[in-house]
Amino acid sequence: MLDFFMGHYAYWFTIILLAIGLYGMLIKKNLVKKIIGLSIFQAGVILFFVSVAMKNGATVPVKADNLPVSEVSNYLNALPHTLMLTAIVVGVATLGVAFALMINIYNRYGTLNEEELLDKIQ
Amino acid sequence: MIIAFTLLLLFAASDLPFRGDPDNQMNQEVSMTGTPVPGNYYIQEAYHDAHTPNIVTVILGDYRAIDTLGEQIVIFTAGLITFLLLRNRKEGEEDDE
Amino acid sequence: MTNRSPSPIVLLGTRFLSPYIMVFGFYVIFHGHYSPGGGFQGGTLLAAALLLIRIASGTKLAQLQFKDYLARPLAAFGVFIYFGTGLLALLMGGYFLDYGELPIPGLEPAYLRYWGILIIEIGVGLTVMTVLTLIYDNMVKGEDYA
C-alpha cells in the first residue's frame, strides 16, 4: 500500500493541477482567468511528462566521466525533458498571442466578461 | 463533469507504472511490439555521435532538429502575430478618424 | 507610463543587474554542451535582462539598450541561421540538418555535429530573445492606445 502511494503520488498532484486548470477554463467567466486556467493545465501536463522521465538511482542526462554511458540506468530518460523544454517556451509565446487577442477584444468591446461579450456581439 | 474527469484520470493513473522504477516499460531495450526504444539509444550513442556530453542538447539539436525548427518557427510566428494584431488596430483607428 | 519619474534606486539597481543576467544568459547558451542549458533557456535569460530595463525605466529610455525596430529582423535572422545551416548541409550532399556534411575543413563528422548544434542554438537563442521582447513591446504599445 505504501509502495503504491509512493509510486503514484506525483501523478495525483498533476491530476489535481489538471482539474484546477479545467475548472478555470470551464467555470470562470472572465477571459483572463480562462487563460490562467489554460496555463495551469499546461503546467500539469509538463510536470506529468517530467515526472514520467524519473528513474531511481539515475542522474541528470549529462555525461559524466565516472558513469559509463553503456549502463542505461545511470541516466534519466532525456527524451521527455527535450520535448518539455521546447513546450515551455512555445507555451510562453502562445500566451503572448492570447493576451494580444485579449487586448484587441478589450479595446473593441470594453469588456472581458464572456456573457457581456456575447451580448455585445449580437 | 470536472469531478468525473478527475475520477477518470485517477482511475487511469492507478494503472500507471511506479514513478522512478528503472524497470518500467519505457526504460526497456525493446518495446512490447519488438521495436527498439529511442530513449536508450539516445543515452548510449549521443556522446559517440556528437562528442557532446549533454544528451538533451544532442537530442534537441541533432536527432530532433527538424522538430526544433518547427518549434522555432512557431515562436517566430507567435511574435509576428502579436505584432500584426496590435499594429492593425492602430492603423484601423487612424482610418476611422 | 513613461511620464512617471522612476525611482533612482530602482534605475541604478536594474542597471547594475542587467549586464550580469546577460552574461549569465550567454554562458547558458555557450556552455549548453557541458551543463544543463541551451538556446531556449539562454534566450529567455537574455530576454529577462532586456525586459528588466524596459519595466524599470520605461520603454523610451530602454531604446538606448535595445532598439524597438530591431526585434523583428533579428528574430527572422535567428530563424534564417537555423534554416540556412540545414540548407547548407543539404547543398553539401547530406540530408536536411545533417551537420556531418557542413563545409568546415579539418574536422571529423562528430565534431562537425558539435559545431552545428552550437550554431543552431545561437539561432534559437536569438529568436527567443527577440520574440519575447517583441511581445512585451507590442503589448505596451497596445495598452497605451486603450
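User: In this predicted model, what makes C:Glu108 count as exposed?

Analyst: C:Glu108 has 10 C-beta neighbours inside 10 Å, and a residue is called exposed if 12 or fewer other C-beta atoms lie within that distance, so C:Glu108 falls in the exposed class. The residue sits in the loop between helix H3 (71-91) and H4 of chain C. Its C-alpha atom is separated by 44 Å from that of C:Arg54, a residue 54 positions away along the chain.

User: Why is the pair H3(A) and H3(B) called oblique?

Analyst: The axes of helix H3 (residues 78-109) of chain A and helix H3 (residues 55-63) of chain B cross at roughly 60° and come within 9 Å. Angles under 35 degrees count as roughly parallel, over 145 as roughly antiparallel and 65 to 115 as roughly perpendicular, with the rest oblique; the two helices are therefore oblique to each other. As for handedness, H3(A) passes H3(B) in a right-handed crossing.

User: Which residues make the contact of H3(A) with H3(B), and how do they divide by class?

Analyst: On H3(A) the contact is made by A:Ala78, A:Leu79, A:His81, A:Thr82 and A:Leu85, while H3(B) contributes B:Ile55, B:Val56, B:Ile59 and B:Leu60. The residues of this contact divide into seven nonpolar, two polar and no charged.

User: How do you know which part of chain A gives the largest share to the side that touches chain B?

Analyst: The contact involves 42 residues of chain A and 40 residues of chain B, where two residues are in contact if their C-beta atoms lie within 7 Å. The elements giving two or more residues to the chain A side are helix H1 (2-26) and H3 of chain A, and H3(A) supplies the largest share, 17 residues. Sorted by class, this side of chain A has 25 nonpolar, 15 polar and two charged residues.

User: What makes up the side of chain C that touches chain A?

Analyst: Here 13 residues of chain C are in contact with 12 residues of chain A. Helix H2 (39-62) and helix H4 (109-145) of chain C are the elements that give two or more residues to the chain C side, and the largest share, eight residues, comes from H4(C). That side of chain C comprises eight nonpolar, four polar and one charged residues.

User: How do you know how the radius of gyration of chain A and that of chain C stand against a compact globule?

Analyst: For chain A, a compact globule of 122 residues would have a radius of gyration near 14 Å, whereas the chain has 20 Å; its C-alpha atoms fill a box of roughly 65 × 35 × 15 Å along the principal axes. For chain C, the value for a compact globule of 146 residues would be near 15 Å, but the chain has 18 Å, and its C-alpha atoms fill a box of roughly 60 × 30 × 20 Å.

User: What share of each chain counts as buried?

Analyst: A residue is buried if 20 or more other C-beta atoms lie within 10 Å of its own. On that criterion, 27% of the 122 residues of chain A count as buried, against 31% of the 97 residues in chain B and 39% of the 146 residues of chain C.

User: What secondary structure do the chains have, and what share of contacts joins residues at least 24 apart in chain A and in chain C?

Analyst: Chain A has four helices and zero strands, chain B comes to four helices and zero strands, and chain C likewise has four helices and zero strands. Among contacts between residues at least 6 apart in sequence, 43% in chain A join residues at least 24 apart; in chain C, residues 24 or more positions apart account for 66% of the contacts with a separation of 6 or more.

Methods:
Residues are numbered from 1 along each chain as its sequence is written. Chains are lettered from A and ligands numbered from 1 in the order in which they are written. This is a predicted model: local features need pLDDT of at least 70, side-chain atom pairs count only at pLDDT 80 or more; totals for chains, interfaces and linings use all residues. The radius of gyration is taken over C-alpha atoms; the globule rule is 2.2 Å times the number of residues to the power 0.38. Axes are lines fitted to C-alpha atoms, for helices over the stretch in contact, and angles run from 0 to 180 degrees between N-to-C directions. A crossing is left-handed if the near helix is turned anticlockwise from the far one by less than a right angle, and right-handed if clockwise. Ala, Val, Leu, Ile, Met, Phe, Trp, Tyr, Cys and Pro count as nonpolar, Asp, Glu, Lys and Arg as charged, and the others, Gly among them, as polar.
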